[in-house]
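Visitor: Good morning. May I look at the model with you and ask some questions along the way?

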Amino acid sequence: MTAQTVTTFQAFKATLKRDLLIAYKRKNDMVNPFMFFLIVASLFPIGISPDPDRLAEIASGVLWISALLASLLAMDNLFRSDYEDGSLEQLLLSPHPLYFLVLAKNISHWLVSGLPVALVSPLVAYMLNLPGESYFTLFITLLIGTPVLSLLGSIGVALTVGLGSRGLILAVITLPMSVPVLIAGTLTVQQTLNGASLAGYLAILAAMLFAAVSFAPLASAAALRISVK
Amino acid sequence: MWLWFSKLGSPKWFYELSGKWLPWLAAGMSLLLIVGIIWALLFVPPDYQQGDTIRIMYVHVPFASISLAFFPLMAVAGTITLVWRMKLADMVAKTAAPLGAWFTALALASGSIWGSDIWGTWWIWDGRLTSMLLQFFLLVGVISLRSALEDADAAAKACALLSIVGCINVFVIKYSVDWWNTLHQPSGSFSLSDEAPNPPEVWVPLVIMIVAVYLFFVVSLILSTRNEILERERRSQWVQELIGAN
């Protein structure tokens with residue numbers, strides 16, 4: 001080996017930087033999940049009722065489901081183009097643990113898809129008449145919960161990356177797996193409305209995040225090794 | 001032990017052995033099913049609250065209890081596929097997924113019929129019902145992933161991985177959904193004493209039905225696995241000979 005040996009941390013940073021750069025250059029991919037979130041959330045008042053009281057009741061669920069769908073939609077960008085141009089194979093050939101490289105891809109993916117949704121959620125919460133005291137809780141739950149959605153979804157994407165048309169199969173695999181996050185997220189927001197303590201609920205969400213960070217990239221990495229030949 | 005283990009991985013060996021077991025298993029299943037059904041439908045005393053509706057329990061509980069076994073079974077078979085590359089394990093996993101979806105659907109359907117009488121509604125978003133429904137969705141996901149991947153080897157490994165992840169997920173879903181909403185009665189306890197809420201004449205036929213449905217599951221799994229073996233090994237000599245002999 002020459003002096004150019006790269007440490008795993010450098011490889012991690014390089015992958016993260018590359019993915020963020022690509023996302024920045026394709027602004028459509030950045031804006032679409034966010035717009036999708038806004039559009040889905042605004043369909044509910046139209047479809048159910050514009051009555052502020054009824055909206056207030058369902059707002060937390062609407063926001064969480066919209067975030068879940070937006071995350072699912074954005075999943076397609078995660079490995080797809082890398083698979084098509086062959087850079088995914090290079091990633092698999094790298095001597096560094098695939099866990100960290102997949103984690104870097106997941107983080108950059110969350111930064112461009114999950115984080116904007118979490119940031120804009122108080123605005124949409126206002127439009128849906130969610131009671132004011134729970135804006136901050138909603139924001140926090142989405143901030144903790146959306147990375148879990150990205151990490152879980154990445155397993156499904158990795159399993160189906162070689163398939164031609166995979167939109168629906170990805171949803172069928174991923175959505176049921178996301179249910180615990182959805183439950184924890186919406187229950188936490190409703191808990192604020194009841195005025196009860198949030199510590200336990202947030203702890204469960206955080207536990208989900210840590211479990212997902214620890215294990216989901218391992219499963220994604222194994223799935224990538226199966227799908228890419 | 002290891003010789004036995006590697007023998008077990010041979011589809012031909014399994015095919016021959018299961019062929020010997022099958023008549024016994026099928027006979028035991030039929031006997032227990034007939035005894036269990038007749039006992040449950042004709043001789044069990046009506047429940048003091050639910051009346052004759054209680055007889056649905058003798059179908060619902062066996063199906064519900066066995067449908068919980070599918071994800072662990074598929075996860076174990078998946079682990080064997082990934083670690084030891086055993087072909088037979090994948091054949092079992094492949095045939096278990098649609099069976100599991102059927103059993104889960106039957107558990108949901110029989111529960112819904114039971115519920116329509118005692119709860120007054122066909123469906124409620126209760127913890128157990130919801131987690132069963134989600135388990136059904138996860139099984140459908142495994143089946144559709146299997147059918148979408150054309151390469152059999154990749155499909156085997158991908159489904160193995162998805163089954164392992166799904167198995168963990170089923171437990172997480174179970175706990176989170178229970179936490180979310182619970183109405184379903186907890187599983188009852190059974191005892192031999194006559195003063196207990198569930199006397200033996202209620203639970204003995206239930207045990208018979210549970211064993212019978214388990215045997216039904218084993219027989220269907222073996223039958224469909226044998227089918228799968230013949231299909232996958234159709235070019236091998238022993239299958240050719242088998243077909244030629246018949």
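Visitor: What percentage of the 246 residues of chain B count as buried?

Guide: Of those 246 residues, 37% count as buried. A residue is buried if 20 or more other C-beta atoms lie within 10 Å of its own, exposed if 12 or fewer, and partly exposed in between, with C-beta atoms placed from the backbone. Please note that this is a predicted model, in which local features need pLDDT of at least 70 and side-chain atom pairs count only at pLDDT 80 or more, while totals for chains, interfaces and linings use all residues. Residues are numbered from 1 along each chain as its sequence is written, and chains are lettered from A and ligands numbered from 1 in the order in which they are written.

Visitor: How many helices and strands does chain B have?

Guide: Chain B has nine helices and zero strands. Helices (H or I, at least four residues) and strands (E, at least two) are DSSP runs, numbered from the N terminus.

Visitor: Take α4 of chain B. Which of its residues are buried?

Guide: They are B:F70, B:F71, B:L73, B:M74, B:A75, B:A77, B:G78, B:I80 and B:T81. The helix covers residues 70–84 and reaches 21 Å from its first C-alpha to its last, close to the 21 Å expected at 1.5 Å a residue; the expected span is 1.5 Å times one less than the number of residues.

Visitor: And what do those buried residues pack against?

Guide: They pack against α3 (57–67), α5 (87–118), α6 (127–148) and α7 of chain B.

Visitor: Which residue follows α4 of chain B?

Guide: B:R85 follows, and its phi is positive, near 55 degrees. B:R85 is found in the loop between α4 and α5 of chain B and counts as partly exposed, with 13 C-beta neighbours inside 10 Å.

Visitor: Moving to chain A, where does A:N129 lie?

Guide: A:N129 lies in the loop between α6 (98–127) and α7 of chain A. Its phi is positive, about 65 degrees, although A:N129 is not a glycine.

Visitor: What about α7 of chain A: where is its kink?

Guide: The kink, of about 25 degrees, lies at A:L143, shortly before the proline A:P147. The bend at a residue is the angle between axes fitted to the seven residues ending there and the seven starting there.

Visitor: How many residues of the two chains are in contact?

Guide: 18 residues of chain A are in contact with 20 residues of chain B. Two residues are in contact if their C-beta atoms, placed from the backbone, lie within 7 Å. On chain A, α7 (135–160), α8 (167–177), α9 (179–194) and α10 (199–227) each supply at least two residues of the side that touches chain B.

Visitor: Which residues have the most contacts inside the largest nonpolar core?

Guide: They are A:A223 and B:L161, in a core of 121 residues. A nonpolar core is a set of buried Ala, Val, Leu, Ile, Met, Phe, Trp, Tyr and Cys residues joined through C-beta atoms within 7 Å. Leaving aside neighbours within four places in sequence, A:A223 is in contact with A:I155, A:A158, A:L159, B:A158 and B:L161.
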